[in-house]
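Q: I would like to learn how to read a structure of this kind, one feature at a time. Could you take me through it, giving the general idea before each case?

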Amino acid sequence: MTGSLPSDRRRFLAAGAAVLGGAASARLWLPDTARAAENALPDGVFSLGVASGDPLPDGVVLWTRLAPDPLNGGGMPDATVPVQWEVAEDERFRKVVRRGIALARTAYGHSVHVDVRGLRAGRTYWYRFRTGGQLSRAGRTRTAPAATSSGKNLRVALASCQNWQNGYFTPYADMLAQDPDVVVFVGDYIYESAPSATAVRRHEGTGEPYSLTQYRNRYAQYRSDPDLAEMHASAPFVVTFDDHEVDNDFAGEIPQDPAKQPHDAFVSRLTAAYQAYYEHMPVRATAVPNGPHIRMHRRLEFGRLVRLNVLDTRQFRSDQATSQAGAQDPKLTMLGAQQKRWLLDGLHGSPARWNLIASQIMMAETDLQIGEGKLWFYDAWDGYQAERNVLLDEFKSVRNPVVLSGDRHLTMISDLKEDYAKADSAVVGAEFVGTSISSNGDQDHAAFHKEWDPRMPDNPHWKVIDAHRGYHLFDIRRDRIDAQVRVVDTVLQPKSAPSTLATLRVDAGRPGVKLV
């Protein structure tokens, strides 16, 4: 995944993620302009909070962004600002184990990405930032288990689809109480839709975001949700994007509405959207965008218990099909040749007990046609059936594959079948399509089941379908995965009541998922 040293070095410096040996000695390297900028900062530079992500056995990414006026471009002076950071083994910071200075640069929205190394595996740490006499809140994070660790348990939360205008992000309050080791977020962190006068919470701005400043403002608004901010400050996130971080249902460099967005204009929009995404996510410098391109597919290891393969199902895909015949075209690709080979190599060469795949969109079939015939969503894996079927065939020789998905705004938990065209096809894995944090708001559950239950006989691989808002929680052990569908009663108010809608289990060595 890493390139040559010069390339990595350039990306490292461009991101402003300099990690220096000690705060005191590091100050000697600061130019006078940087010190002056630090001394003249407005109040409230840490308004967007703190976060961590992509844990390794010896390190983790720490994030913040200086933004005293977050909904108006940030409000920072046009200067590089030094930001001190420190990591401690205790929440009172009496035993600091790492510290240094990172440079918050204008070109990256004064975001800070510190790739801390030299930590101990499987440990909880606390971190914070300081600049211009201002101190951030403290965050808590956790490193991954040691590479050789068999691991007793890993608690993972799966989240996606948080539309500000559809409701409050209250499922995160329950997630916080469940104390996951890591949160996997599989897309639609923001929505690019224009403000709505009838929304539960109105988007900032006057229309859809197209420029870098507009995307920055939209991310800043989402980051202001208190439950999301608390969750970011309490556990590391592993993130990837779907379509709404840019434009609904886009494919590669093709927008949803090419007649309204010429190619050059959409490339500019991609460039702005990807940069704003990087600026607001706790990811490494390998994800620094190169114009309208960003590297997001990557692999994380949690000892010998879990290998997590994070996909990018947007940048490399062919344009969506518009017919059943088109969906079965073998030339269509969701992943692109290089990412597909990377995924298969990682699955077949994995030493892990469980091989998780974070896919933004649903892999199992959704047959919308009641009775004879098939009707599919072409934006999901159903629209790329030849490539999907190749992957499912490969799953037969992969140890315990489990797919974690989002996008659908529904809970849809399924067996993965080798061939959905054959009723007696072998089960080769399991998929958990997490419901949304807030997207679609509070749905009419009776109406939902009236519409969807008649489709169950045509989709016998479905184990649970539901339209509550919430997230999925997994306790992963060597012999099984215990899964909970955690839901809330409403997202139309800033407080909600959580509950467990369903519990499921995946047994090691037995493909598929079953209700408990």
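Q: Which residues is Val246 in contact with, once its neighbours within four places in sequence are left aside?

A: Contact means heavy atoms within 4.5 Å. With those neighbours left aside, Val246 is in contact with Glu192, Tyr215, Phe266, Arg269, Leu270, Ala273 and Tyr274. Before going further, note that this is a predicted model, in which local features need pLDDT of at least 70 and side-chain atom pairs count only at pLDDT 80 or more, while totals for chains, interfaces and linings use all residues. Residues are numbered from 1 along each chain as its sequence is written, and side-chain values use heavy atoms, with hydrogens and water left out.

Q: Which residues touch the most other members of the largest nonpolar core?

A: A nonpolar core is a set of buried Ala, Val, Leu, Ile, Met, Phe, Trp, Tyr and Cys residues joined through side-chain atoms within 4.5 Å, where buried means under 20% relative accessible area, computed with a 1.4 Å probe and protein chains only. Here the largest core has 42 residues, of which Tyr172, Met175, Val239, Val246, Tyr277 and Met296 touch the most other members. Among the elements that give two or more residues to this core are β9 (154–159), α4 (171–178), α5 (212–223) and α7 (263–280), and α7 gives the most, with 8 residues. A second, separate core of 36 residues includes Leu335, Trp376, Val398 and Val428.

Q: How many helices and strands does the protein chain have?

A: Helices (H or I, at least four residues) and strands (E, at least two) are DSSP runs, numbered from the N terminus. The protein chain has 11 helices and 22 strands. Its radius of gyration, taken over C-alpha atoms, is 22 Å, close to the 24 Å that the globule rule gives for 516 residues, so the chain is as compact as a globular protein of that length; the rule is 2.2 Å times the number of residues to the power 0.38. Of the 516 residues, 58% count as buried.

Q: What span does helix α9 reach, and which of its residues are buried?

A: The expected span of a helix is 1.5 Å times one less than its number of residues. Helix α9 (residues 337–348), with 12 residues, reaches 17 Å from its first C-alpha to its last, close to the 16 Å expected. Its buried residues are Gln339, Trp342, Leu343, Leu344, Gly346 and Leu347, and what covers them includes β12 (298–302), β13 (306–310), β14 (354–359) and α10 (385–395). Leu391, found in helix α10, is buried with a relative accessible area of 0% and, not counting residues up to four places away in sequence, touches Leu335, Leu343, Leu344, Met363 and Trp381.

Q: Is the phi of His110 positive or negative?

A: Most residues other than glycine have a negative phi. His110, although not a glycine, has a positive phi of about 55°; it is found in the loop between β4 (96–104) and β5 (111–116) and counts as buried at 4% relative accessibility. His409 likewise has a positive phi, of about 65°, and is found in the loop between β15 (401–405) and β16 (411–417), where it counts as buried at 13% relative accessibility.

Q: Where is Gln134 placed, and what does its side chain reach?

A: Gln134 is in strand β7 (residues 134–135) and, at 14% relative accessibility, counts as buried. Its side chain reaches the backbone nitrogen of Val45 at 3.2 Å.

Notes: Buried means under 20% relative accessible area, exposed over 50%, partly exposed in between (1.4 Å probe, protein chains only). A polar contact is a pair of N or O atoms within 3.5 Å; within protein, one must be able to donate a hydrogen and the other to accept it, and residues adjacent in sequence count only if both atoms are side-chain atoms.
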